[in-house]
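Here is a chain to explore together.

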Amino acid sequence: MSRALALATRHTLSTQRDNGSWLATPDPRITETALCTLALARSPHPGADRAAERGRVWLANGAAPQNHHPVAHAVETALLSLALDTGGPIDVSHPSFADPTLSARARLLQAIALYTGRAISGGTGPAALRTLLAAAVAAQGRLKRWTRVEVWSAHALVETHFGDRTSARHAAKMVADQQSPAGDFFANPVTTALAALALQAAAPGTAAARRCAEYLLTSQLADGTWRFSHSDVWDTALTVRAFHGAAEFDRHGLPAAVAFLVAAQNSDGGWPYRLGVESDNDTTAAVLIALGGASGAPGTTIRSGLRHLVRQQTADGLWRTWQSAGDPPVDDVVAHVVTALDRHSGRHRVQLAAARGWLAERLGEQGRWHAGWYRGLPYATAEVLPALAAAVPARGHPAARTLAETRNSDGGWPVEEAGPSTPAATGLALAALERGGLLNEEHRAPALGYLVETQRDDGTWPGVPLMYGPRPLLTHYPTHTHAFAVGGLFAGQRRLRTAAVATDSAHEEG
């Protein structure tokens, strides 16, 4: 185990960037590559047709739609069909599309299908879709900036379909106003590809349409894919949370990481998941947890972050992920905020009883916690338990006992019960059992053996898609798998040290 931790720490220190952060390119998936391929296939820009063909080659060479959720499968199946121009009608008939948080996915698919002349199965009719999008554009509300661009883009595509060039151009103008000088939209390939389609449809030949196509051309990777946006602030906070306390990391990696996180704070006091976008409560809480106990973070930085969370608390004592009225509170985000406020308890007067009570009620109602931003029982359990640390009974928290029962015979844990073991889920499970007062030898030894055996020679572990983005699609960041696996190893190491101290004390008393 010590060798595994040394290898993992060496890898982490060797991949820290000059600005003190960590950043990973996520694994490829159909969503980004299909959308970018579709956009470039309809672009007159020089080289667009060749790039689109490279994208089609990757998509046609065995790319499989995600199948963990019916909407994720439907979205990727539809995008694959649109990009390759194959298959029948675009199907948005599954009942799960009716969920308010997922209905936007159906509207986007319908808008693209209308613009490209594809038949649609299910969903609202074209006229109703037009009305819905026009209402969404008029309402605006406190939507994320990239969500507004996606709504405007869909509106432009539908208005183009109906022949209303004036409305389409107006929507395209609102899209173009959000474009960065580099041509992208928030470095998000999903948003950028949708904007490219809208600009080509409603504002062809404009500088905005040209810059968008140029960005898509330059951001295509050598394998023909496009990848989801990086998350340097989130990855850095996650890495610090996993490694802080390890002497080698604290000496060589922590000071620059803390400096990066301090510099990444937005003017509103919160932190974004990546540089250059608005603050969200989950990342703000995660950074405050990471900075707790770390030297180098000015008190003004911490106080400003805490004030931001105070302002974001809802009337019922909870927190949403984003600064959006339509975004519901979710278990992991509320727990992260509570944990962050606990970590800095002497610097605020926020009442947390309602949030802790809500988390306890969620467990009672569901029998488990469900995270909003990562898939799987191990993550949800590991991240919520610290918010209820004072309520852990002597025989272990019930959530920890439920998680312990899902361990596989190979010593590892699956993302969800009855699935294959993965290093990330196993590391998270070990951390969760420690936080839930249940990390005994029966659970610890087989899981540590699994993590040691599955570690690669370079100190990393293989991973699977775990993070939602955009929901319900999943993506895999190697930095996340690394932090989760390492967190489990450190949990096991702490337990061994505790057991050794207890044994020594018993010998001395004897």
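This is a predicted model: local features need pLDDT of at least 70, side-chain atom pairs count only at pLDDT 80 or more; totals for chains, interfaces and linings use all residues.

Residues are numbered from 1 along each chain as its sequence is written, and side-chain values use heavy atoms, with hydrogens and water left out.

Q: Where does UniProt place the feature "domain: Squalene cyclase C-terminal"?
A: The feature comes from an unreviewed UniProt entry. UniProt positions are given here in the numbering of this model, feature names are shortened, and annotations may be inferred rather than shown by experiment. The record places this domain at residues 194-321 and 327-462.

Q: What are the helix and strand percentages over residues 327-462?
A: Helices (H or I, at least four residues) and strands (E, at least two) are DSSP runs, numbered from the N terminus. For residues 194-321 the chain is 59% helix and 0% strand, with end C-alpha atoms 24 Å apart. Over residues 327-462 the end C-alpha atoms are 32 Å apart, and the chain is 51% helix and 0% strand.

Q: Which residues touch the most other members of the largest nonpolar core?
A: A nonpolar core is a set of buried Ala, Val, Leu, Ile, Met, Phe, Trp, Tyr and Cys residues joined through side-chain atoms within 4.5 Å; buried means under 20% relative accessible area, exposed over 50%, and partly exposed in between (1.4 Å probe, protein chains only). Of the 167 residues in the largest core, those touching the most other members are Leu359, Trp369 and Tyr374.

Q: Which helix gives the largest share of this core?
A: In soluble globular proteins, nonpolar side chains tend to be buried together. Here the largest share amounts to ten residues, and it comes from helix α9 (residues 189-202).

Q: Which residues does Leu359 touch, not counting residues up to four places away in sequence?
A: Contact means heavy atoms within 4.5 Å. By that rule, Leu359 touches Asp331, Val334, Ala335, Trp369, Val384, Ala387 and Leu388.

Q: Which loop holds Pro470?
A: A cis peptide bond joins Gly469 and Pro470, with omega about -20 degrees. Another cis peptide bond, between Arg471 and Pro472, has omega of about 5 degrees, and Pro472 is in the loop between β3 and β4. Pro470 is located in the loop between β3 (467-468) and β4 (474-475).

Q: Is Asp85 buried or exposed?
A: Asp85 is not a glycine, yet it has a positive phi of about 55 degrees. Asp85 sits in the loop between α4 (70-84) and β1 (90-91). With a relative accessible area of 62%, Asp85 is exposed.
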